[in-house]
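Hello,

Here is the structure I promised to pass on. My notes on what turned up follow below it.

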Amino acid sequence: MSKVLTAVAGRRSYSRVSVDAPSHAELLPLVEAAARVADHGALRPWRLIELRGAARERLGEALVAASGKKGERDPGMAAKPLRAELLIAVVASRQRSSKVPKWEQDATAAGVAHMLSLLLADAGWGVFWRTGPLTRATTVRKMHKLADTEELLGWLYVGGVPANAKAGKRLKIDPEKFLSAL
Ligand SMILES: Cc1cc2nc3c(=O)[nH]c(=O)nc-3n(C[C@H](O)[C@H](O)[C@H](O)COP(=O)(O)O)c2cc1C
């Protein structure tokens, strides 16, 4: 099996991660490589935002504020972003183009996130891509300082693979069912 096939076939998500996290400098070469996804017109219609420390707490506050009217808010949302030391917000950053529609640009942004997840996993980190019903709430948008042309695609929660992590069930597919011909 090729190294790439082994890495892709063996990838799994880690819902719980330890407090270790890759540094900004460690992330850079992975982001550079992830940017090699197919990108119609090379528009680079994406960007990533690192949330560490207090930034995660500010995201928690934004989630609480988005969770309901005053008096009906869910304080439990505050702890959600604290499940990893590093969250990487994945932003679809749509560029003006007469040739490349939004959905194609979003496909590239999602591709970068998948590729980065895989590269992080290959480097030994635990990763979990999370969203939720409040991902596109106004308070959450504002907290990330998104432009009107941008949308959040969720966050990669990144940390160390816990020493006691179980092997985890890998759901297999029957490729015959997913690959047909006309
Ligand atoms: C865009 C996107 C958003 C996701 N959001 C969540 C989420 O909010 N909660 C969740 O439990 N899983 C979410 N998932 C799925 C997990 O990241 C993960 O893929 C799933 O738990 C299966 O584990 P596996 O990747 O090891 O097969 C999301 C996946 C994607 C691609």
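Glu-85 and Arg-56 form a salt bridge through their side chains, at 4.0 Å from N to O. The term means a side-chain nitrogen of Lys or Arg within 4 Å of a carboxyl oxygen of Asp or Glu. This pair links distant parts of the chain, 29 residues apart: Arg-56 is in helix H3 (54–66), and Glu-85 is in the loop between H3 and strand S2 (86–93). Helices (H or I, at least four residues) and strands (E, at least two) are DSSP runs, numbered from the N terminus. Arg-56 is buried, at 8% relative accessible area. Glu-85 is partly exposed, at 31%. Buried means under 20%, exposed over 50%, and partly exposed in between, with a 1.4 Å probe and protein chains only.

Before you read on, note that this is a predicted model: local features need pLDDT of at least 70, side-chain atom pairs count only at pLDDT 80 or more, and totals for chains, interfaces and linings use all residues. Residues are numbered from 1 along each chain as its sequence is written, and side-chain values use heavy atoms, with hydrogens and water left out.

**Other salt bridges**

The structure has seven salt bridges. Another one joins Arg-94 and Asp-106, at 2.7 Å from N to O. Arg-94 sits in the loop between S2 and helix H4 (102–122), and Asp-106 sits in H4, 12 residues apart. Arg-94 counts as buried, with 17% relative accessibility.

Arg-136 and Glu-151 also pair up, at 3.6 Å from N to O. Arg-136 is in the loop between strand S3 (125–130) and helix H5 (138–143); Glu-151 is in strand S4 (residues 150–160), 15 residues apart. Shared partners join Arg-136, Arg-141 and Glu-151 into one network of salt bridges. Arg-136 is partly exposed, at 45% relative accessible area.

**The ligand**

Which residues surround the ligand? They are Arg-11, Arg-12, Ser-13, Phe-128, Trp-129, Arg-130 and Thr-131, where a residue counts if one of its heavy atoms lies within 4 Å. This shell divides into two nonpolar, two polar and three charged residues. Ala, Val, Leu, Ile, Met, Phe, Trp, Tyr, Cys and Pro count as nonpolar, Asp, Glu, Lys and Arg as charged, and the others, Gly among them, as polar.

An oxygen atom of the ligand lies 2.5 Å from a side-chain N or O atom of Ser-13. For Arg-11, a polar side-chain atom is 2.6 Å from a ligand oxygen. Trp-129 brings a backbone N or O atom to 2.8 Å from an oxygen of the ligand. On its own the ligand has 620 Å² of accessible area, and the protein covers 50% of that. Accessible areas come from the Shrake-Rupley method with a 1.4 Å probe.

Best wishes

Notes
Polar contact = N/O pair within 3.5 Å; in protein donor to acceptor, adjacent residues only side chain to side chain.
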